[in-house]
There are 2 protein chains.
Amino acid sequence: MTIKIIIADDHQLFIDGIKLILSKEIGVEIIAEANNGLELINLIEAEKKPDIILTDIRMPIVDGISVTKMLTKDFPEIKVLALSMFDQTADVIEMLDAGAKGYVTKNVEKKELVSAIHTLAKGGYYFSKNLPEEIENWFKHEEILSEDAYLTKREIEILQLLAKGRTSLQMATQLKLSKYTVDTHRKNIHKKLKIKSNTGLVKYALKNL
Amino acid sequence: MTIKIIIADDHQLFIDGIKLILSKEIGVEIIAEANNGLELINLIEAEKKPDIILTDIRMPIVDGISVTKMLTKDFPEIKVLALSMFDQTADVIEMLDAGAKGYVTKNVEKKELVSAIHTLAKGGYYFSKNLPEEIENWFKHEEILSEDAYLTKREIEILQLLAKGRTSLQMATQLKLSKYTVDTHRKNIHKKLKIKSNTGLVKYALKNL
DNA sequence: TTACATATACCTAATTATAGGTATTCGCAT
DNA sequence: ATGCGAATACCTATAATTAGGTATATGTAA
């Protein structure tokens with residue numbers, strides 16, 4: 001079956017380039033295009049349901065991140081493949097958090113783009129080579145989280161206070177708990193995240209909470 | 001003297017709004033406008049030197065952050081006032097790091113906008129009320145740095161290892177120093193940065209090294 | 001050359017974190 | 001109702017950090 005695609009980018013030139021690249025490819029079909037996030041939302045709501053959305057991260061009116069958040073909430077069956085410039089690591093991570101299933105840089109070659117599209121269509125993730133370290137870490141972290149390591153409310157609370165520099169005793173006082181209890185939570189966090197030191201926990205908290 | 005301003009935003013509607021707001025204000029003059037970062041750069045290089053640039057953070061082609069970095073390097077006398085949506089804390093911090101002298105949210109009222117412009121023109125900083133905590137921290141930190149606190153090579157080395165989770169003893173072994181020496185360096189870092197806890201040092205290191 | 005910053009090293013004491021246990025209560029779901 | 005996760009609490013022991021000192025050698029700038 002043909003994979004239906006919608007492209008969204010505020011540079012028409014780029015859309016045209018992608019269309020040219022994919023026009024000769026069998027098995028994929030571009031069913032619509034949008035020049036900003038709002039147009040993209042309108043397209044989807046107008047029953048133009050694609051299998052995959054290829055979208056720029058930074059777009060006028062509504063950006064790619066906001067659109068992705070909305071789509072993964074309302075239409076989780078549609079996969080989002082983010083397009084990014086080189087130096088937008090922070091944005092890419094936001095896109096991943098928003099629910100994007102992969103990203104490719106804008107200077108992507110035909111072979112890689114087609115490969116990414118097919119991977120996503122099959123339910124997989126795809127990321128451009130030469131991942132910045134931060135994105136690798138994001139991915140590893142997601143794996144850990146999805147496996148077995150998610151923290152309870154109390155544990156998250158403790159971790160947040162920890163990252164603010166509170167000692168066990170201070171946390172205990174603030175939360176009206178025994179220091180022993182706080183320490184138990186800390187030990188459980190250590191086990192779940194496989195992080196042994198306070199230092200590591202602070203870094204984890206800053207990245208993930 | 002009249003304060004010369006250039007506005008940059010990819011939403012013409014917003015530019016028009018600001019122009020309307022400032023048109024009746026004496027002492028300020030909008031000398032040009034741009035719809036993206038590239039246009040803004042071209043304007044400046046075409047000798048259209050403003051006192052203040054009012055710019056959106058997210059713009060097509062070249063974003064506000066990149067423009068600000070360039071400007072603070074080549075034209076440090078031009079002050080950048082960033083415009084942000086509500087939920088772009090990360091972007092705002094990037095703008096501040098890039099050299100912006102203040103920011104206001106896009107729903108700013110006339111009185112506040114004019115106040116911000118005058119403050120920047122006089123060489124000050126201006127930040128919208130209801131600052132997210134992170135931005136307050138950024139600001140406090142900049143004050144500390146600009147005052148007196150800079151670290152020696154050895155101290156930076158120690159701080160970096162600390163942020164990697166090394167204990168004093170491990171650092172001592174690695175650097176072929178006595179644990180006592182490492183602890184002395186740590187104490188000096190504490191004093192210089194006015195940070196007492198390991199937790200705080202890790203956060204400092206992640207932000208600044 | 002005198003003064004100052006840097007880097008080094010040592011001592012002691014108090015506080016905090018790490019790590020190994022065990023155990024009880026509560027609420028929710030099978 | 002039984003079992004299980006979550007939250008609570010306690011005990012012990014070791015490791016690490018924090019904080020207060022003092023002190024020496026070295027190179028550099030006033």
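The model is predicted, and local features need pLDDT of at least 70, side-chain atom pairs count only at pLDDT 80 or more, and totals for chains, interfaces and linings use all residues. Residues are numbered from 1 along each chain as its sequence is written, while chains are lettered from A and ligands numbered from 1 in the order in which they are written.

Chain A has 209 residues, and 33% of them count as buried. A residue is called buried if 20 or more other C-beta atoms lie within 10 Å of its own, exposed if 12 or fewer, and partly exposed in between, with C-beta atoms placed from the backbone. Among the contacts in chain A with a separation of 6 or more, 63% join residues 24 or more positions apart.

Two helix pairs of chain A show how helices can be arranged. Helix H2 (residues 37-45) and helix H3 (residues 64-74) of chain A pack at an angle of about 20°, with their axes 9 Å apart. Axes are lines fitted to C-alpha atoms, for helices over the stretch in contact, and angles run from 0 to 180 degrees between N-to-C directions. H2(A) and H3(A) are therefore roughly parallel to each other; angles under 35 degrees count as roughly parallel, over 145 as roughly antiparallel, 65 to 115 as roughly perpendicular and the rest as oblique. The crossing of H2(A) with H3(A) is right-handed, where a crossing is left-handed if the near helix is turned anticlockwise from the far one by less than a right angle, and right-handed if clockwise. On the H2(A) side, A:Gly37, A:Leu40, A:Ile41 and A:Ile44 meet A:Gly64, A:Ser66, A:Val67, A:Met70 and A:Leu71 of H3(A). This contact of H2(A) with H3(A) has 6 nonpolar, 3 polar and no charged residues. For these classes, Ala, Val, Leu, Ile, Met, Phe, Trp, Tyr, Cys and Pro count as nonpolar, Asp, Glu, Lys and Arg as charged, and the others, Gly among them, as polar.

The second pair is H8(A) and H9(A), which pack at an angle of about 115° with their axes 8 Å apart. H8(A) and H9(A) are therefore roughly perpendicular to each other, and H8(A) passes H9(A) in a right-handed crossing. A:Ser168, A:Leu169, A:Met171 and A:Ala172 of H8(A) make the contact with A:Lys179, A:Val182, A:Asp183 and A:Arg186 of H9(A). By class, 4 nonpolar, 1 polar and 3 charged residues take part in the contact of H8(A) with H9(A).

Next comes the DNA. The largest share, 5 residues, comes from H9(A). The surface near DNA strand C divides into 3 nonpolar, 11 polar and 7 charged residues.

For the surface near DNA strand D, the largest share, 5 residues, comes from H9(B). Its classes are 3 nonpolar, 11 polar and 7 charged residues.

Finally, some single residues deserve a look. A:Val80 sits in strand E4 (residues 79-84) of chain A and is buried, with 25 other C-beta atoms within 10 Å. Beyond its neighbours within four places in sequence, A:Val80 is in contact with residues including A:Ile53, A:Leu71 and A:Ala100. B:Lys176, in the loop between H8 and H9 of chain B, is exposed, with 6 other C-beta atoms within 10 Å. Phi of B:Lys176 is near 55°, a positive value in a residue other than glycine. B:Lys194 has a positive phi of about 55° although it is not a glycine, and lies in the loop between H9 and H10 of chain B.

Note on methods:
Two residues are in contact if their C-beta atoms, placed from the backbone, lie within 7 Å. Helices (H or I, at least four residues) and strands (E, at least two) are DSSP runs, numbered from the N terminus.
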